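Dear colleague,

Here is the structure I promised to pass on to you, and below it I have written down what was found in it. Please keep it open beside this message as you read.

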Amino acid sequence: MVSFDIELASASVRESLDDLIDEWDSDAIFVTGTDVSYAIYLEMGTRDMPPYPFFRPAIVQFKADPEGFIIGNTAFNSIREIPNGDQLVRALATAFANQITANASALSAVERSPGVHPEHPKRVTGTLANSIEAQRVR
């Protein structure tokens, strides 16, 4: 872990930083996921079936462009529209739920669909896609 200190000589700069911390501070906790029992088998695969991930690609997409990820998967046009930390956490959870749902829906596309290989049974992923949601737990 890397840490560093910055000395701030100006009281106005310190006050501005304190205001930012107060504005964006949040204790909100959301969980994004599904209760479909076969979801983990699609995501991770089994010894008899390769993985068909839908959750992990959303994480990769978020890491590549966090702001674009939120904007592309919510009704916000800019991060500046998000008024506070609680709404930022909600927006991020919603963005993940929307992108994971889109990824799960794409599993029915021929190139990613379980069932393409003759030894893999075809899966209907509509139940999975419809079950993905973001819920506030605190």
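Before anything else, please bear in mind that this is a predicted model, and that the pLDDT averages 78 over the protein, with 70% of the residues scoring at least 70. Among the elements, helix α4 (residues 66–72) has the highest mean pLDDT, at 93, whereas helix α1 (residues 11–24) has the lowest, at 65. For residues 1–5 the pLDDT falls below 50, and apart from near neighbours in sequence this stretch makes 0 contacts in the model. Where pLDDT is low, the predicted coordinates should not be read in detail.

Turning to the fold, the protein has 6 helices and 2 strands, and, read from the N terminus, its elements follow the order α-β-α-α-α-α-α-β. If we take the contacts with a separation of 6 or more, 65% of them are between residues 24 or more positions apart.

As for the interior, 28% of the 138 residues count as buried, and the largest nonpolar core is made up of 16 residues. Within this core, the members that touch the most others are Leu 42, Phe 54, Ile 100, Ala 104, Leu 128 and Ile 132. At least two core residues come from each of α2 (39–44), α5 (85–106) and α6 (126–131), and it is α5 that gives the most, with 5 residues.

With best wishes

Technical notes:
Residues are numbered from 1 along each chain as its sequence is written. This is a predicted model: local features need pLDDT of at least 70, side-chain atom pairs count only at pLDDT 80 or more; totals for chains, interfaces and linings use all residues. Side-chain values use heavy atoms; hydrogens and water are left out. A nonpolar core is a set of buried Ala, Val, Leu, Ile, Met, Phe, Trp, Tyr and Cys residues joined through side-chain atoms within 4.5 Å. Buried means under 20% relative accessible area, exposed over 50%, partly exposed in between (1.4 Å probe, protein chains only). Helices (H or I, at least four residues) and strands (E, at least two) are DSSP runs, numbered from the N terminus. pLDDT is the predictor's confidence in each residue, from 0 to 100. Contact means heavy atoms within 4.5 Å.
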